[in-house]
Amino acid sequence: MSKDSDWEAYKVPPTRTPVSERATSVPNPATLIETVFNYVVDAPVTFVREWIERQQAKNKFYYYHQKFRRVPDLSECLEGDYLCFFEAEAQWRRDRLVDMEIVEIIRERLGACKQREGPNEFQNCAKEVELLMQVTKAYQDRYGDIGVHGNARTCLMKQKHRMMEERKAQANASE
Amino acid sequence: MAAMSLLLRAAAAWGARRTAGDAVVRARLPALAGAARLPGTVAPVRHSSSHGKRMFIIKATRFYDTRFLNLLRFYIFLTGIPVALFITYVNIFIGEAELAEIPEGYIPDYWEYYKHPISRWIARYLCDPPEKDYEKQMALLDVEAKKAELRMMELEARRLMRHRGDGPWYHYETPDKNLVDNSMKSTPDN
């Protein structure tokens, strides 16, 4: 859905097709088909499209991506302060959407890498695979298994349990 | 239907017998059970001209169906075509917005976050700004939160007044002590 702004991940190295020497006198049908396509389809379509863009360039207007201010988190809200809960919940939902998009972008990068590399994917895409694994693990730790009724409160409780487990594991390891 | 077919067969046979003298071609009724070739019932017509036997094909009426479909098309296109033309005009001559970074120190209006010009127009003139919507939701929540708090406090006050008995609630009217007749208690042995 969102466009990945980092084009470096999608760059394909330039192809090194050699220039072919013509060995026969028969003209290449591919060039004939290409010129026919250019005159019959490409030129009219480009003409119409450019005409439309000239009409639209007379009054240009822009749209922006909304930037939301950060509000106090659910952990900084006093008990019974329902307005704070509401704002923290809205912020948590926006953050969850952003995290979903991040995971999607990293997945697409891995797909692009596989497509680019072809048979070398297992070696050359190892970094992308590692990144995707880390990102999905982090997403699963934070948002996984809270269910369809999961909200900021259940997510905070999950984080609390995670921290308790971590502390217990540290205490067991230090014994 | 069987009677109808018998009648038609009789009519066909009578017609055939009448033209048996001049016409060479015999009327051949296609059987009703295997009438895959011509729709409906077929009865031959006299005065056959050069191209074969003319058939008067009897079918169920399609008048209501065609009338319905014509009316449907008419009423859909009555508003559909102007709307489609308008949307085409907007898409060609006005076009969608381009994505840009928010310039420094500029706060975009709430309708400038949409791409299509019709969405922008609807957001600008028909819908409330999302900030107003947000504040309305927060106001509702605030009112309900205050109501809930007041109700909890009232319950707590009632519980305490009932328990301690030193508040203005839970006073029960008792009769005046001057009305009580103590004559029964004036002698010990009654």
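**Entry: terms and ground rules**

In these notes, helices (H or I, at least four residues) and strands (E, at least two) are DSSP runs, numbered from the N terminus. The model is predicted, and I keep in mind that local features need pLDDT of at least 70 and side-chain atom pairs count only at pLDDT 80 or more, while totals for chains, interfaces and linings use all residues.

**Entry: chain B as a whole**

I went along chain B and found four helices and three strands, and from the N terminus on the elements run α-β-β-α-β-α-α. I take buried to mean under 20% relative accessible area, exposed to mean over 50%, and partly exposed to mean in between (1.4 Å probe, protein chains only). Of the 190 residues of chain B, 12% count as buried. I then looked up contacts, which are heavy atoms within 4.5 Å: among those in chain B between residues at least 6 apart in sequence, 16% join residues at least 24 apart.

**Entry: domains**

The domain bounds I use come from an automatic or database domain assignment. Chain B is divided into domain 1 (63–99 + 109–127) and domain 2 (131–169), and the centres of these two domains, taken over C-alpha atoms, are separated by 49 Å. Chain A is divided into domain 1 (28–63) and domain 2 (82–174), whose C-alpha centres lie 43 Å apart.

**Entry: helix H4 of chain B**

I looked up helix H4(B), residues 130–164, which has 35 residues and reaches 50 Å from its first C-alpha to its last. That is close to the 51 Å expected at 1.5 Å a residue, where the expected span is 1.5 Å times one less than the number of residues. Its buried residues are Met138(B), Ala145(B) and Met161(B), and what covers them includes H2 of chain A.

From UniProt I noted the feature "coiled-coil region" (unreviewed entry) at residues 131–163 of chain B; the positions are given in the numbering used here, feature names are shortened, and annotations may be inferred rather than shown by experiment. In the model this span is 100% helix and 0% strand, and its end C-alpha atoms lie 48 Å apart.

Just after H4(B), Gly165(B) takes a positive phi of about 75°. In the segment after H4(B) I also found Tyr170(B), a residue other than glycine whose phi is positive, near 60°. At 28% relative accessibility, Tyr170(B) counts as partly exposed.

UniProt places the feature "transmembrane region" (unreviewed entry) at residues 74–94 of chain B. I checked that span and found 100% helix and 0% strand, with end C-alpha atoms 29 Å apart.

In helix H3(B), residues 117–125, the residues Pro117(B), Arg120(B) and Ala123(B) are buried. Seen down the axis of H3(B), these buried residues fall within an arc of 125°, so they line one face of the helix; the arc is that of the directions from the helix axis to the C-beta atoms. I recalled that an α-helix has 3.6 residues a turn, so residues three or four places apart point the same way. The buried residues of H3(B) pack against strand E1 (62–63) of chain A together with helix H2 (63–94) of chain B.

**Entry: the cores**

A nonpolar core here is a set of buried Ala, Val, Leu, Ile, Met, Phe, Trp, Tyr and Cys residues joined through side-chain atoms within 4.5 Å. The largest such core has 10 residues, including Leu74(A), Phe85(A), Trp92(A), Tyr143(A) and Cys155(A). Helix H2 (82–117) and helix H5 (152–174) of chain A each supply at least two residues of this core, and H2(A) gives the most, with four residues. Apart from it lies another core, of seven residues, among them Leu110(A), Cys113(A), Leu132(A) and Val135(A).

What does Glu87(A) touch, not counting residues up to four places away in sequence? I found Val71(A), Tyr134(B) and Met138(B). Glu87(A) has its place in helix H2 of chain A and, at 21% relative accessibility, counts as partly exposed.

Asp145(A) lies in the loop between helix H4 (126–143) and H5 of chain A. Asp145(A) has a positive phi of about 65° although it is not a glycine, and at 76% relative accessibility Asp145(A) counts as exposed.

Definitions and conventions:
Residues are numbered from 1 along each chain as its sequence is written. Chains are lettered from A and ligands numbered from 1 in the order in which they are written. Side-chain values use heavy atoms; hydrogens and water are left out.
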